Amino acid sequence: MPRAFLIVMDSVGCGGAPDATAFGDEGANTLGHIARACAAGLAEVGRSGPLNLPNLAALGLGQAIALASGLRAPGLHDGTNGLWGAATEVSKGKDTPSGHWELAGVPVPWDWHYFPDTVPAFPENLVKIVCQLAGTEGILGNCHASGMPIIAAHCEEHLRTGWPICYTSADSVFQIAAHEETFGLDRLLKLCADLAPHLHAMKVGRVIARPFTGSCDNFHRTANRHDYAIAPPAPTLLDWVAGAGRATHAVGKIGDIFSMRGIGKLWKGKNDIDLFDHLDRLGADAEDGSLTFANFVEFDSLYGHPRDVAGYARALEWFDARAWAFLARLKPGDLAIFTADHGNDPTWRGTDHTRERVPLLCAGAGSGSIGLRAFTDVAASIAAHLGVPSQGPGRSFL
């Protein structure tokens with residue numbers, strides 16, 4: 001039986017979302033603007049020259065960017081080895097759960113709750129619940145922020161008082177940073193787990209534990225991050241495949257995003273290098289008829305939010321080189337789809353995700369254009385490839 005691999009390059013958008021203006025993102029284009037910056041010599045830290053993605057470009061990445069946004073990305077020449085297209089999201093959010101659930105066949109049927117960009121950002125009754133669960137007299141932060149700067153701003157007071165550092169962003173999230181040793185990792189995870197039902201009832205998508213270690217002048221976030229996400233509102237592609245008696249594998253934070261529903265085995269690691277090692281192994285060894293669903297988060301977390309163009313370009317080039325070896329491991333009849341969940345243009349203003357279309361690059365299913373598609377078409381296509389009934393609104397492009 002054929003196998004399927006759904007690989008999400010977190011935040012690797014390609015511009016052109018028709019509703020980008022409603023999100024303040026008209027003109028954002030993660031891939032297109034990185035390619036332009038590289039061609040102009042503006043991304044020379046740790047790399048040099050035009051953006052070099054020969055394997056993804058061979059699958060049609062350049063054409064996908066042009067289709068989505070009209071931008072011809074320098075250096076990404078036309079490819080003929082895969083099916084290529086771009087997908088448009090309909091869920092009212094540019095966040096991780098919305099994108100992943102919709103790729104898995106389930107658009108979000110509600111409006112997410114977002115905290116205002118004010119100080120304080122959180123309502124008093126929510127702060128009281130956090131303090132009660134944490135056993136503290138107060139919290140730190142209580143605002144919109146990026147993770148590293150807010151830890152730096154409040155680290156000393158956190159170590160002195162034991163108060164958790166709480167913050168949010170333009171996404172529907174409540175994040176808590178705490179020191180693994182002085183606050184305690186188990187205590188942080190329990191706090192987030194106990195708090196999650198309160199936030200989910202408000203339709204806040206995720207409570208995220210953000211542990212860190214080290215001294216205040218030399219701290220680093222650890223791989224023990226955990227997302228407590230609201231459960232999908234309907235069975236997803238993972239449930240469809242598992243319900244048909246097939247094996248399912250989740251690589252990276254897929255387990256968190258889908259609350260472990262429909263997931264047979266979860267493979268995690270301390271970074272994207274570890275995660276690609278898992279993907280390589282599954283490319284060789286995953287069971288016949290299985291689904292592997294992988295997320296590579298560091299494009300987003302390490303380079304998109306900090307607006308690091310050169311770092312993002314380095315990550316893309318590393319990923320492209322690894323993709324060549326992975327594709328060589330696939331068996332006849334296998335399908336691999338490379339896509340994304342949203343954008344995070346490192347040349348854009350602010351530090352948040354950007355509303356964009358995403359590329360669809362398919363290996364193992366012939367070549368040519370599949371045009372502009374819906375996110376949900378990805379789930380329908382994988383279900384069709386695996387011979388599993390589709391339970392969502394998407395239409396197969398295979």
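**Strand pairing, aromatic pairs and overall dimensions**

Me: How many bridges join strand E2 to strand E13, and do they run parallel or antiparallel?
Reply: Strand E2 (residues 83-88) and strand E13 (residues 358-363) run antiparallel and are joined by five bridges. Strands here are DSSP runs of E with at least two residues, and helices are runs of H or I with at least four residues, both numbered from the N terminus. Two strands pair if DSSP finds at least two bridges between them. The model is predicted: local features need pLDDT of at least 70, side-chain atom pairs count only at pLDDT 80 or more, and totals for chains, interfaces and linings use all residues. Residues are numbered from 1 along each chain as its sequence is written, and side-chain values use heavy atoms, with hydrogens and water left out.

Me: Which residue in E13 stands opposite Leu-83?
Reply: Cys-362 stands opposite Leu-83.

Me: What is the strand order of the open sheet?
Reply: The eight strands follow the order E10-E9-E11-E1-E12-E13-E2-E14, with mixed pairing. Strand E10 (265-267) and strand E14 (368-374) are at the edges; each has a single partner strand, so one side of each is left without a neighbour in the sheet. On average, neighbouring strands of this sheet are turned by 15° against each other, direction ignored. Axes are lines fitted to C-alpha atoms, for helices over the stretch in contact, and angles run from 0 to 180 degrees between N-to-C directions.

Me: Which strands does helix H12 lie across?
Reply: Helix H12 (residues 309-329) lies across strand E1 (4-9), strand E11 (291-296), strand E12 (335-339) and E13, and runs at about 170° to E12. Contact means heavy atoms within 4.5 Å.

Me: Changing topic, how many aromatic pairs are there?
Reply: The structure holds 17 aromatic pairs. Rings of Phe, Tyr and Trp (its six-membered ring) pair if their centres lie within 6.5 Å; planes under 30 degrees apart count as stacked, over 60 as edge-to-face and the rest as tilted. Trp-110 and Trp-112 have ring centres 5.6 Å apart and planes at 90°, so this pair is edge-to-face.

Me: Are Trp-110 and Trp-112 buried or exposed?
Reply: Trp-110 is buried, at a relative accessible area of 18%, and Trp-112 is buried at 5%. Buried means under 20% relative accessible area, exposed over 50%, and partly exposed in between (1.4 Å probe, protein chains only).

Me: What about the rings of Phe-122 and Phe-174?
Reply: Their centres are 4.5 Å apart and their planes stand at 40°, so the pair is tilted. Phe-122 lies in the loop between helix H4 (96-103) and helix H5 (124-134), and Phe-174 in strand E5 (residues 173-179), so the pair ties together parts 52 residues apart in sequence. Both Phe-122 and Phe-174 are buried.

Me: Which charged end sits over the ring of Trp-110?
Reply: That of Lys-203, 4.9 Å from the ring centre. The charged end of Arg-187 sits over the ring of Phe-183, 3.9 Å from its centre. The criterion is NZ of Lys or CZ of Arg within 6 Å of the ring centre and within 35 degrees of the ring normal.

Me: And the protein overall, how many helices and strands?
Reply: The protein has 13 helices and 14 strands. Its radius of gyration is 20 Å, close to the 21 Å that the globule rule gives for 398 residues, so it is as compact as a globular protein of that length. The radius is taken over C-alpha atoms, and the rule is 2.2 Å times the number of residues to the power 0.38. Of the 398 residues, 60% count as buried.
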